[in-house]
Amino acid sequence: MLKELHPECYSDSVVKRDATLVPEFLGFFLDTLTSKNKEHEFEGFCRQMVRLRICPNLIVQTGPTGGGDSKVDTETFPVDSGLAEAWLPAESVTAAGERWAFAISAKREWQQKVRSDVLKIKEVEDSLHRGYARVFFISNQLISDKKRAETEDKLRSESGFDVRILDRNWLVETALSSPESRLATIRELGMSESLLDDRKTGARDSARETELAEIESRIQTISPDMWRERIRLADRAAELICELERPDYEITNALNRHLNLAQDHGDLVQKSEALYLFVYRTVANCEEPDDTSVCRRYAEFEEAVLSDKSKINISRLITLWMVLATRHRVGLSKFDESAHADVIDRIIEELSQDENRRSTYFEVALRYQPMRLVRGAAPSDVLAESKSLLESAAGIASVDFSVLTALFDISDDFVEEPLFDQVAELLYWRTKEEEGARTLAPSLLKRGRKLSESGRHYDAITQMTRALTCLRGAQDRLDFIAACLELAQECYNVEFIWASRCLCRMALSLSFDAYYGDGVLTPAMLVSCHMLKNFELRSGNLQGAVRLLVLERFVREFFPEAPSDSDGDLNFDQMVGVGIVGLSEEELRAAIGLPEFLEDVGLSNASLMAMLAFGHYDEKAAEEFENPEEIDRFCLENYERLAESSGFPKVFSLGLVDELVLSTRIVGCLIEVETPASWQCYEAGCTILSCLEGFLTTALKHELLSFKEKISVRIEKATEEQEPFAVECDGEQISVTVGEIDSLVHSDLVKEVGEMVSRVLAHALCLMFPVPGVLEKIQSIAESDYALERAFVLGDSLSLNGDFIDEIPWGVRSICRKGRGSSVCAKWFA
């Protein structure tokens with residue numbers, strides 16, 4: 001689970017071919033090595049395993065095989081403890097100050113051999129007083145735990161040494177535990193390196209291994225007096241070893257090294273941090289954590305927390321409790337969760353009484369809520385207490401709310417609770433200006449989906465708007481793009497086409513920015529292109545819809561695995577044909593080459609309708625009707641029927657006329673925008689409509705209806721140099737003049753567009769709701785439903801990067817003149 005949540009914290013290497021050096025093969029090789037006269041190689045192999053697993057300070061004995069005159073095959077040499085502290089193997093520090101003897105044997109009669117070797121070492125000790133403290137006997141034979149324990153106990157009593165017996169199982173486990181040990185095994189035993197696995201080292205792992213090698217070299221050579229630096233290096237080395245997913249013993253050795261250095265030389269902060277990291281990393285990274293060691297270290301950390309009661313350590317204690325309690329409940333630990341939970345309860349109770357540590361109390365109490373959930377509290381109770389804490393923490397700075405946002409993101413239980421909206425509201429306003437607000441976005445989107453599924457579309461829009469606001473300005477723009485598309489679909493569900501169009505246009509623009517700026521190709525590019533194409537058609541903009549069809553086909557080539565939508569393509573083709581019937585006579589006269597162009601872009605049904613519109617009747621069609629007038633009547637009736645049933649406008653446009661009329665209906669008021677056909681004026685009109693839809697999206701929920709049946713907005717292109725936008729209202733009509741905006745830098749354009757839509761919104765609201773008593777409802781919409789924020793997010797269409805669409809010539813006269821269709825299609829793809 002942790003690896004799925006945080007893949008960056010784990011190995012990214014891939015095994016392309018599994019090794020043939022498997023336990024069974026290596027075990028057989030060790031069992032039969034005497035028949036191959038490999039006793040000398042076996043001794044070298046055993047020494048390497050000891051260096052990796054027990055201690056590195058070994059002396060290689062010279063003389064005949066079998067130990068020579070010293071009676072041991074290898075032994076340790078003394079090392080300064082300050083140097084040995086930096087070694088990784090578990091017992092390095094002890095081995096540095098004691099003399100250990102190692103006897104290695106490949107004989108089948110291991111019991112006789114171990115007794116003989118131990119007693120010989122005893123004789124040497126009695127006569128020469130070398131000071132051996134331990135004797136290790138390493139055998140290539142399989143030895144049962146019972147026989148090993150009995151033999152060790154008997155030899156300890158006879159010799160006085162601490163005798164340890166290591167058998168073939170220990171050798172095989174150590175040899176195959178890591179890439180380093182496997183390579184050492186191959187080389188010492190003279191095997192072929194083809195037995196190793198074919199492993200492709202990931203980019204992160206390659207960097208980690210390089211850094212780890214540098215750290216190990218540094219930590220071995222740095223002066224023992226520089227203990228702060230040694231502790232830091234040991235901590236980082238342990239982290240890298242965990243991320244590389246090294247074997248359990250190596251992880252444990254690295255964690256113990258860090259802990260020992262901290263406990264011997266560090267301050268209280270370093271000691272408590274080392275204890276916490278030992279427990280957390282052991283459980284998170286070891287395949288079979290040592291439960292006894294983990295529980296012991298937890299108890300030590302708990303004692304440290306009781307001593308200092310710092311905010312960070314109390315939070316860490318809560319985290320460790322949840323981790324170990326979860327292991328206890330699945331039978332993996334003997335952790336006493338009840339007793340340790342009581343300790344945390346007492347700490348929090350003491351903090352609640354301390355007026356000088358209110359910030360610490362609120363943050364710790366918030367972090368305690370997931371623990372309450374683990375202990376069996378109902379989600380409603382957790383939300384109720386969280387709400388109380390958030391309200392009480394108002395005005396207190398430096399409180400971290402990220403644990404609640406993360407909890408809501410992980411668990412689906414909360415979004416179903418009635419209190420979730422109120423808690424999310426409080427969290428949103430507390431984290432709105434902080435990085436933590438972005439972590440709240442997934443929970444808000446999740447809540448929005450649940451509300452949408454239950455038919456509460458206006459409430460869903462409110463939650464999704466919050467999420468979009470949380471993500472605005474985030475470094476990862478892909479999350480923002482996905483939220484735009486979700487909100488666009490929700491706005492479409494309540495018939496706010498212009499708001500949907502703006503959101504899809506924003507998503508498409510940001511998708512192209514991500515590709516050209518960061519080289520990131522996101523499927524949202526294809527999705528937003530497809531949705532925007534349909535929204536343009538839905539709004540009556542035939543030219544925009546067809547251009548986006550061409551763009552969608554181009555983008556689809558980047559996603560060959562994307563499923564084809566033949567039914568949707570056919571429906572789009574038919575709807576474009578329906579739209580052609582609704583074209584004005586003026587545009588039809590200008591679109592001489594329209595049938596050919598539509599055929600070129602693959603819209604055969606639309607091309608046929610264009611032919612009919614120009615009076616060219618198909619022979620088969622003519623046979624079905626008495627005269628051409630019957631064909632025209634049939635087409636018009638079908639057009640009106642389809643337009644009415646699908647909600648399509650009754651007036652479509654190719655952009656060939658000088659004036660366009662855009663419209664929407666909001667809270668009972670028809671808003672019409674008359675605009676010139678230039679793209680700047682057209683997008684200004686779309687921006688105004690989407691802004692008004694955005695602000696009044698949830699107005700019906702507040703029982704708001706317009707007092708005015710119709711509002712007209714007139715957009716004109718400035719005839720001389722003036723400010724980018726001028727807005728006036730004569731009490732009946734809102735006038736907007738669009739000046740020279742092409743030369744504005746993006747930030748200035750965003751500012752100017754925001755001021756323009758603010759003035760238009762103010763005039764429109766005054767016209768729609770001239771009664772003073774309505775002001776409170778409008779204020780409630782602005783504050784509780786995020787209407788202003790939504791309006792300005794949706795009122796950003798004009799300032800978007802539209803080069804991928806808008807630089808295609810706005811008027812399609814050039815592509816509709818006879819014989820020009822194919823060449824312009826090629827230009828679009830270029």
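**Strands, helix packing and salt bridges in a predicted model**

Strand E4 (residues 99–105) is largely enclosed by the rest of the structure, because six of its seven residues are buried, where buried means under 20% relative accessible area, exposed means over 50%, and partly exposed lies in between (1.4 Å probe, protein chains only). The structure is a predicted model, in which local features need pLDDT of at least 70 and side-chain atom pairs count only at pLDDT 80 or more, whereas totals for chains, interfaces and linings use all residues. Residues are numbered from 1 along each chain as its sequence is written, and side-chain values use heavy atoms, with hydrogens and water left out. Helices (H or I, at least four residues) and strands (E, at least two) are DSSP runs, numbered from the N terminus.

Two strands pair with E4, pairing being assigned if DSSP finds at least two bridges between the strands. Strand E3 (residues 74–76) runs antiparallel to E4 and is joined to it over two bridges, with Phe 102 in E4 as the bridge partner of Thr 74. Strand E5 (residues 132–139), by contrast, runs parallel to E4 and is connected to it by seven bridges; here Ala 103 is placed opposite Phe 137 in E5.

Among the helices, H15 (residues 311–329) and H17 (residues 358–374) have axes that come within 9 Å and cross at roughly 5°, the axes being lines fitted to C-alpha atoms, for helices over the stretch in contact, with angles that run from 0 to 180 degrees between N-to-C directions. H15 is therefore roughly parallel to H17, since angles under 35 degrees count as roughly parallel, over 145 as roughly antiparallel, 65 to 115 as roughly perpendicular and the rest as oblique. The residues that meet, contact meaning heavy atoms within 4.5 Å, include Trp 321 and Met 322 in H15 and Tyr 368 and Met 371 in H17. The residues of this contact divide into nine nonpolar, three polar and four charged, where Ala, Val, Leu, Ile, Met, Phe, Trp, Tyr, Cys and Pro count as nonpolar, Asp, Glu, Lys and Arg as charged, and the others, Gly among them, as polar.

The whole structure contains 47 salt bridges, each defined as a side-chain nitrogen of Lys or Arg within 4 Å of a carboxyl oxygen of Asp or Glu. In one of them, Arg 187, which is exposed at 58%, meets Glu 193 at 3.8 Å, N to O, and Glu 193 is partly exposed at 46%. Another joins Arg 556 to Glu 552, with the closest N and O atoms 3.5 Å apart; both residues lie in helix H26 (residues 542–556), four residues apart, about one turn of the helix. Arg 556 is partly exposed, at 25%, whereas Glu 552 is buried, at 3%.
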